[in-house]
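Here are a few notes to go with the model, for someone opening it for the first time. Have a look around before reading on.

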Amino acid sequence: LFNAPFDVVKSRFQQQKIDDPNRMRYTLIELWRIYKYDGGLKGCYRGLQPKILRMGIGGAVSMATFELICNSYVEYQDKYNGSGLLNGNDNMFSI
């Protein structure tokens, strides 16, 4: 939630044209302008809901991928080495 206003400014920086004479240059100054002229605190948090949804979906995909890889590795170790964690070997660093 802390970086959401900076994300709004970043998005506006990315949308501007290079040859624009009123080009934004400084993050904190633009953040102040958004706060003062473009909706106050609500303007600084514009687009927060889609960002939260995107982060939630991305986190879920990352966790699912991590669990899939870990489970596949444990099954591989159990199948080919016979000394995997599933066979009661609690010390995964034993040689």
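1. A word on what you're looking at. This is a predicted model, where local features need pLDDT of at least 70 and side-chain atom pairs count only at pLDDT 80 or more, while totals for chains, interfaces and linings use all residues. Residues are numbered from 1 along each chain as its sequence is written, and side-chain values use heavy atoms, with hydrogens and water left out.

2. The overall layout is α-α-α-α from the N terminus on, with 4 helices and 0 strands. Helices (H or I, at least four residues) and strands (E, at least two) are DSSP runs, numbered from the N terminus.

3. How much of the protein is buried? Of its 95 residues, 16% count as buried. Buried means under 20% relative accessible area, exposed over 50%, and partly exposed in between (1.4 Å probe, protein chains only).

4. Now the inside. The largest nonpolar core has 5 residues: Val8, Val9, Leu31, Ile34 and Cys44. Helices α1 (4–15) and α2 (27–37) each supply at least two residues of this core. A nonpolar core is a set of buried Ala, Val, Leu, Ile, Met, Phe, Trp, Tyr and Cys residues joined through side-chain atoms within 4.5 Å. In soluble globular proteins, nonpolar side chains tend to be buried together.

5. Cys44 deserves a click. Leaving aside residues up to four places away in sequence, Cys44 touches Ala4, Pro5, Val8, Leu31, Ile34 and Tyr35; contact means heavy atoms within 4.5 Å. Across the protein, residues 24 or more positions apart account for 38% of the contacts with a separation of 6 or more.

6. Is Lys51 buried or exposed? Lys51 counts as buried because its relative accessibility is 9%. This lysine lies in helix α4 (residues 48–80) and touches Asn3, Ala4 and Asp7, again not counting residues up to four places away in sequence.

7. Phe2, in the segment before α1, counts as exposed because its relative accessibility is 69%. The C-alpha atoms of Phe2 and Tyr45 are separated by 9.7 Å, though the two are 43 residues apart along the chain.
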